[in-house]
Amino acid sequence: MAIPSPSSPTPPDLAEVLGRLGLTEYLHVLSDNGFHSWTAVVDITEDDMTALNFKLGHRRLLQREIATYRGLPQSLSLDPESNSPEPVSLSTSALESFTRQTTTPPPREKRRYRRHPRPDPNAPKKPKTAYVNFADQLRTDPEVSQLSFVDIAREVGRRWQELPTEKKRVWESNAARAMQEFEAQMDEYKKTDSWQKYQVYLNEFKTQQLAASAGKSRPANSRSTTDTSNNTRPYSNASPSSSDSPVSFPPIAATGPGAEACHNALTIAFSELVALRSEIINGGVQHFDENRLPPQDRVRRSMHAFIRGTGSLLFMWTFEQVDDIVDRIYKSPKKVDDMTLAECFTVAAMGAHYEIDAFPDSMRRLLYASGTLHFNEQTARQDNFRTMRLLLSLSFFSLLEKHMSAKYLLAAGLQIARWKCAPPQGRSQTLDVGWRKIFRSLIFMDSWLSYTLGYPSEVTANDTQIACVVDWPDYLSIDEMIHTQTSKINLIAAEVGKALATPELATQANITQLTQKLEQWRKEVPYKLQITTLLSSEGQDMTIFQRRAIFMVHIMYLGALVLLYRQLLVAAAGAQLVDGEAGALNNMSAEAVKMYRRECATAAQNIARMLGLISFDGTLTRRCWIIIYWSFSAAICLLFSAATKLMDGQTEGVEADLAYAKSCMDMLEPCKPCEPVAARYLKTLWPLYDNLQDVFRRMVGRSKSSIFAILQHDPSLLSPPVPVSKQEMGPISEKLTTLFTDPFGRKQNDFGIGRRILSDDGSHSVFWFR
């Protein structure tokens with residue numbers, strides 16, 4: 001059947017037609033998906049409208065308008081199935097469906113009102129899409145808000161179309177992140193009694209509806225329009241794509257949950273890079289590219305400095321690999337691909353942290369921004385292994401810059417590692433060395449950040465089984481041993497941080513179980529990585545970088561012990577302030593609590609000793625997060641130990657605690673000029689140290705100047721020290737307790753900066769990373 005031509009030679013305006021039909025809400029959806037004019041919309045298919053989330057009634061309304069425009073009579077039914085003997089594919093256009101109908105359709109049954117179940121009041125609220133959030137913000141503009149509803153929709157659609165890709169991606173990333181948080185909350189909510197009760201209600205509601213409609217006929221092929229609510233509808237895996245928020249990030253060619261997870265993670269990661277890059281490139285600063293390169297000798301020197309400074313602790317690059325990159329860029333006549341430029345600029349930017357004289361700070365940050373400009377959606381699909389490694393490198397720079405993009409870059413790298421880089425069955429292990437090393441470094445970085453910043457780790461048990469398995473332990477090099485042990489100890493530390501998140505969880509059973517895991521790790525440390533070997537003549541054969549990395553591995557182990565006892569000691573300190581002494585707690589005896597307190601203080605003292613063996617000799621960046629974190633954390637632990645002893649009226653061991661705390665603070669001093677975070681930490685620590693030192697001296701002085709001390713010539717028979725009052729020690733102890741529990745002021749946001757991240761329970765955490 002031929003398609004009639006339109007009755008009017010001039011097609012109507014799309015916005016006017018939708019406004020007249022009351023369908024203005026679909027204007028931006030149609031425009032964003034290629035239906036820019038009415039002449040394009042008349043060819044829309046049923047499948048198109050389904051994909052664009054048109055409601056059933058709205059579909060029929062638009063189809064009727066198309067049919068009228070095409071010249072079909074109003075009496076013709078829009079239900080193609082009611083008169084057509086053969087099934088009609090959803091891909092068949094609405095017009096073609098109409099032409100299949102007979103001219104004498106049977107009378108249609110009046111559409112019955114359908115009741116909907118009430119939404120779940122306790123379920124998390126589904127977030128808005130990127131386009132809706134953009135529209136909401138735009139409507140706050142007085143010039144836009146005074147327009148008519150149709151004109152507002154038209155203006156929002158126009159501005160969204162004209163929005164630059166990078167700015168649009170920020171909106172999409174925020175929406176995707178909100179969807180991820182929503183899904184995480186839903187996963188937790190489904191474990192609650194409220195969820196179960198609502199499911200019972202839904203089943204009862206459906207049963208009642210079926211009973212009420214019993215005996216009433218309904219066309220066999222009609223579709224139900226019931227929507228139980230946005231809380232019970234199956235939702236996507238945090239995909240930022242939606243019917244009203246077209247995504248600039250093209251879909252991954254492969255399908256399946258792994259591909260979708262990579263797509264979502266990469267979308268967020270690239271938006272984080274855009275945000276960080278926008279902080280660096282402003283005011284028309286020209287970035288580096290193939291035609292504008294930084295000096296070759298400085299680039300090579302900086303890249304080598306990065307490998308020397310980090311290569312023994314975690315694997316990313318080799319000297320041969322970075323030399324090959326430099327030669328391809330500076331010596332090869334062939335055109336350089338974007339991935340190679342991104343790798344060069346990123347590694348050089350990281351190396352500038354270690355080779356401070358190579359590039360000034362402004363040039364270092366510009367190198368990083370230039371690297372992110374050459375790393376985009378297209379280059380990310382060229383080589384999965386290189387993409388995974390570059391994400392790891394970019395996250396390392398973000399960590400040095402104290403930026404939360406590190407978390408999302410690592411998450412994207414881990415998703416690629418799981419999806420593409422896992423070896424197929426039967427594949428030779430020798431081919432897996434490269435990806436396994438990068439996978440292991442991703443695990444180390446994510447575990448380390450998760451328990452130092454306090455967010456849930458992205459690492460799964462399956463990740464560790466694949467990446468941290470050692471096939472030939474007797475043939476491992478020193479560096480490979482270190483890489484394996486750093487991943488293992490940080491995984492245990494992340495587990496400790498998660499298992500003992502609150503004082504109530506610090507039970508004897510939990511502490512014993514985790515202590516056994518730490519002890520097992522300690523016993524399994526290879527002989528070459530033990531402290532006794534390091535301090536012996538055998539350790540002299542190692543490089544300074546290997547020796548420093550081994551010290552850091554053991555510092556992480558001691559730090560895990562501090563994490564293990566932290567919540568218990570915080571609870572004991574609170575009871576001490578109330579009751580005047582540390583008694584039994586969480587079904588533990590007072591002696592057990594004191595024993596854990598001593599072990600925690602001893603671990604912190606050993607951290608201070610090892611930090612004293614690591615020096616800033618020009619090969620270690622003063623922005624090193626491991627040094628800064630453990631210097632600050634050990635100092636807090638030791639000051640907390642000293643305050644607890646003084647509260648008990650004891651002076652024994654206080655002097656040692658204060659001395660080791662001061663050594664940790666002295667370790668932070670060299671970092672202060674180039675790392676503002678270190679300066680803020682010292683500003684917090686020095687007043688507490690001075691107050692405790694003053695209290696300690698007064699306690700010792702009162703003991704020695706008492707009348708009994710004057711009359712008694714035997715120092716061993718001096719009167720016991722006089723305890724200080726709770727009124728004097730209370731504020732100091734409370735401040736130290738807060739710092740000990742929350743070392744970086746996340747809950748208090750003491751640093752005045754940070755990022756809010758939604759937790760599973762619906763609360764927000766403030767991370768001091770930007």
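Predicted model: local features only at pLDDT ≥ 70, side-chain atom pairs only at ≥ 80, totals over all residues.

Residues are numbered from 1 along each chain as its sequence is written, and side-chain values use heavy atoms, with hydrogens and water left out.

**Cavities**

A search of the whole structure finds four cavities of 30 Å³ or more, a cavity being a set of points, on a 1 Å grid over the protein atoms alone, where a 1.4 Å probe fits but cannot get out. The volume of the largest cavity is about 190 Å³, where a volume is the space filled by probe spheres set on the grid points, which are joined across faces, edges and corners. Of the 20 residues lining the largest cavity, Leu 313, Tyr 354, Phe 396, Cys 624 and Ile 626 are the closest to its centre; a lining residue has an atom within 4 Å of a point.

By class, this lining has 16 nonpolar, three polar and one charged residues, with Ala, Val, Leu, Ile, Met, Phe, Trp, Tyr, Cys and Pro counted as nonpolar, Asp, Glu, Lys and Arg as charged, and the others, Gly among them, as polar. At least two lining residues come from each of α13 (296–310), α18 (384–400), α20 (433–453), α25 (544–579) and α27 (625–647), and α25 gives the largest share, four residues; helices are DSSP runs (H or I, at least four residues) numbered from the N terminus. Domain 3 (256–422 + 432–469) and domain 4 (621–741) each contribute at least three residues to the lining of the largest cavity, the domain bounds coming from an automatic or database domain assignment.

Axes are lines fitted to C-alpha atoms over the stretch in contact, and angles run from 0 to 180 degrees between N-to-C directions.

| Helix pair | Axes come within | Crossing angle |
|---|---|---|
| α18 and α19 (405–419) | 8 Å | roughly 160° |
| α13 and α15 (338–354) | 7 Å | roughly 65° |
| α15 and α16 (361–374) | 8 Å | roughly 155° |

The angle between α15 and α16 makes them roughly antiparallel to each other, a term for angles over 145 degrees, whereas 65 to 115 degrees counts as roughly perpendicular.

**A backbone angle**

Asn 53, in the loop between α4 (46–51) and α5 (56–70), has a phi near 65°, a positive value in a residue other than glycine. Most residues other than glycine have a negative phi.

Technical notes: 1 Å grid on protein atoms, 1.4 Å probe; cavity = no way out; pocket = protein on both sides within 12 Å on 5 of 7 lines; lining within 4 Å. Parallel < 35°, antiparallel > 145°, perpendicular 65-115°, else oblique.
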